[in-house]
Amino acid sequence: MGWDGLQRAVLAELGHVLYRLSDAPSAPVASSGEVAPDASMLARLARAAGMAPEALLARPDIAAQCGRLRGDAAAKRALWPRLRALRRDPSA
């Protein structure tokens with residue numbers, strides 16, 4: 001199984017080490033410093049905010065949090081009030 005660039009970036013941000021088989025071609029892991037949102041996490045956040053995932057991507061302050069949410073309870077607690085505000089008023 002191969003990993004695309006988004007998946008490699010998300011795995012790297014989560015602190016996972018990417019292993020490869022010796023016969024598999026190596027692909028560099030993206031390390032641009034920009035957090036790429038996990039698609040499933042983004043979908044769950046969008047559902048919590050009551051909006052489409054594409055619309056949530058337009059909110060870089062929230063989309064950038066996707067990579068930090070796994071295992072970071074403080075980031076989750078800080079994000080919930082913003083998601084509830086978006087549910088009340090999507091233009092907020």
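Me: What is the mean pLDDT of the chain?
Reply: This is a predicted model, in which local features need pLDDT of at least 70 and side-chain atom pairs count only at pLDDT 80 or more, whereas totals for chains, interfaces and linings use all residues. Residues are numbered from 1 along each chain as its sequence is written, and side-chain values use heavy atoms, with hydrogens and water left out. The pLDDT is the predictor's confidence in each residue, from 0 to 100; in this chain 78% of the residues reach 70 or more, and the mean pLDDT is 76.

Me: How many helices and strands does the chain have?
Reply: Helices (H or I, at least four residues) and strands (E, at least two) are DSSP runs, numbered from the N terminus. From the N terminus on, the elements run α-α-α-α-α-α. The chain therefore has zero strands and six helices.

Me: In which helix is confidence highest?
Reply: Confidence in the chain is lowest in helix 5, where the mean is 79. At the other end of the scale, with a mean of 89, stands helix 6.

Me: What percentage of the 92 residues in the chain do buried residues make up?
Reply: A residue is called buried under 20% relative accessible area, exposed over 50%, and partly exposed in between (1.4 Å probe, protein chains only). Of the 92 residues in the chain, the buried ones make up 27%.

Me: Within what arc do the buried residues of helix 2 fall, seen down its axis?
Reply: In helix 2 (residues 39-49), the buried residues are Met41, Leu42, Leu45, Ala46, Ala48 and Ala49. They line one face of the helix, because, seen down its axis, they fall within an arc (taken over the directions from the helix axis to the C-beta atoms) of 160°.

Me: What covers the buried residues of helix 2?
Reply: Ala39 and Arg47 lie on the other side of helix 2 and are exposed. As for the buried residues, their cover includes helix 3 (53-57), helix 5 (66-69) and helix 6 (73-88).

Me: At what angle do helix 2 and helix 6 pack?
Reply: Two packed helices are described by the angle between their axes and the distance between the axes. Axes are lines fitted to C-alpha atoms, for helices over the stretch in contact, and angles run from 0 to 180 degrees between N-to-C directions. The axes of helix 2 and helix 6 are 7 Å apart, and the two helices pack at an angle of about 55°.

Me: Are helix 2 and helix 6 roughly parallel or oblique to each other?
Reply: Angles under 35 degrees count as roughly parallel, over 145 as roughly antiparallel, 65 to 115 as roughly perpendicular and the rest as oblique. With an angle of about 55°, helix 2 and helix 6 are therefore oblique to each other. The contact is made by Leu45, Arg47, Ala48 and Ala49 of helix 2 and by Leu79, Trp80, Leu83, Leu86 and Arg87 of helix 6. The word for this arrangement is oblique.

Me: Which residues is Ala49 in contact with, leaving aside its neighbours within four places in sequence?
Reply: Ala49 is found in helix 2 and, at 2% relative accessibility, counts as buried. Leaving aside neighbours within four places, Ala49 is in contact with Leu83, Leu86 and Arg87.

Me: Which residues is Leu79 in contact with, leaving aside its neighbours within four places in sequence?
Reply: Leu79 lies in helix 6 and counts as buried at 2% relative accessibility. Ten residues apart along the chain, Leu79 and Leu69 have C-alpha atoms separated by 9.0 Å. Beyond neighbours within four places in sequence, the contacts of Leu79 are Leu45, Ile62, Gln65 and Leu69.

Me: What is the relative accessible area of Gln65?
Reply: Gln65 is found in the loop between helix 4 (60-63) and helix 5. Not counting residues up to four places away in sequence, Gln65 touches Ala75, Leu79 and Arg82. Gln65 is buried, with a relative accessible area of 15%.

Me: What is the relative accessible area of Trp80?
Reply: Trp80 is found in helix 6, and its C-alpha atom is separated by 8.6 Å from that of Ala48, 32 residues apart along the chain. Trp80 is partly exposed, with a relative accessible area of 42%.

Note on methods: Contact = heavy atoms within 4.5 Å.
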